[in-house]
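Please open the structure in your viewer and keep the sequence panel beside it. The tour below moves from selection to selection and says what is to be found at each stop.

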Amino acid sequence: MKEWLFAIFYGGVVIISLIVVLLEKKYGNDQILTHKPTTVLLNIIVSQVAFYAIFVLIAWSIDVAASEPFWYTQVFSDIEVNFDTNRGLSSFAILLLAYTSLCFILTGIVKSSSNMIDYVFTAFFLHFTIISLVNMQFPSTGAWWVASVVGCISACFLGDFMSHRLEMMSYASSLGGVEPSSSSSS
């Protein structure tokens with residue numbers, strides 16, 4: 001029963017996060033300063049909530065596929081991530097996929113390839129801090145560190161690539177099909 005309440009809670013958080021992102025898109029980025037402290041804080045909160053929502057969704061999906069019971073402690077425990085057991089390997093894959101898929105959410109939130117690394121490492125630092133506070137010690141398993149570092153690096157590269165492509169698409173559409181070097185005189 002706790003698992004369903006946990007899933008419903010995070011489902012609600014995801015819906016609220018998506019509404020915030022859609023409202024920001026509706027009112028346009030021209031009216032919102034991207035470096036305004038409240039906007040940066042809101043982006044960090046939305047990205048962290050989205051990270052945990054993705055984490056829980058992936059964990060729940062993999063646990064259902066593996067016919068294992070889902071438990072919320074795997075989200076905040078570094079001990080669960082190891083290379084010794086099947087459960088530890090699935091936790092490793094869950095953490096790696098959660099960090100890697102974070103780039104899709106951040107591409108919609110950050111909207112700038114130059115800020116992608118900042119937001120990915122902010123998400124990592126906050127997750128590291130939360131795990132350290134929950135467990136009352138720093139993460140000690142090598143598998144957790146490998147999954148976190150590889151996931152962060154892949155999220156940085158993929159997110160930067162996707163953001164850069166979106167920036168170039170908006171630049172190309174603003175030209176209206178006209179080459180920048182062509183002149184109007186014949």
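The stops begin with the whole chain and then turn to single residues.

This is a predicted model, in which local features need pLDDT of at least 70 and side-chain atom pairs count only at pLDDT 80 or more, while totals for chains, interfaces and linings use all residues. Residues are numbered from 1 along each chain as its sequence is written, and side-chain values use heavy atoms, with hydrogens and water left out.

**The whole chain.** Colour by secondary structure: the chain has 5 helices and 0 strands, where helices (H or I, at least four residues) and strands (E, at least two) are DSSP runs numbered from the N terminus. Of the 186 residues, 40% count as buried, a term that means under 20% relative accessible area, against over 50% for exposed and partly exposed in between (1.4 Å probe, protein chains only). Contacts are heavy atoms within 4.5 Å; among those between residues at least 6 apart in sequence, 70% join residues at least 24 apart.

**Confidence.** Now colour by pLDDT, the predictor's confidence in each residue, from 0 to 100. The chain averages 75, and 70% of the residues score at least 70. Where pLDDT is low, the predicted coordinates should not be read in detail.

**Arginine 87 and aspartate 63.** A search of the whole structure finds 1 salt bridge, defined as a side-chain nitrogen of Lys or Arg within 4 Å of a carboxyl oxygen of Asp or Glu. Select arginine 87 and aspartate 63, whose side chains meet in this way at 3.7 Å, N to O. The pair links distant parts of the chain, with arginine 87 in helix 3 (residues 86-110) and aspartate 63 in helix 2 (residues 37-65), 24 residues apart. Arginine 87 is buried at 16% relative accessibility, and aspartate 63 is buried at 1%.

Methionine 136 follows helix 4 and has a positive phi, near 60°. Move on to threonine 141, in the loop between helix 4 (116-135) and helix 5 (142-175). Threonine 141 is buried, with a relative accessible area of 17%, and its side chain reaches the backbone oxygen of aspartate 78 at 3.0 Å.

Threonine 100 is in helix 3, and a polar contact of 2.9 Å joins its side chain to that of serine 154. Such a contact is a pair of N or O atoms within 3.5 Å; within protein, one must be able to donate a hydrogen and the other to accept it, and residues adjacent in sequence count only if both atoms are side-chain atoms.

Finally, select the cysteines: the search finds 0 disulfides, that is, pairs of cysteine sulfur atoms within 2.5 Å. For cysteine 103, the nearest cysteine sulfur is that of cysteine 156, 9.6 Å away. The sulfur of cysteine 156 is 6.4 Å from the closest cysteine sulfur, in cysteine 152, which is too far for a bond. Cysteine 103 is buried at 0%, and cysteine 156 is buried at 9% relative accessibility.
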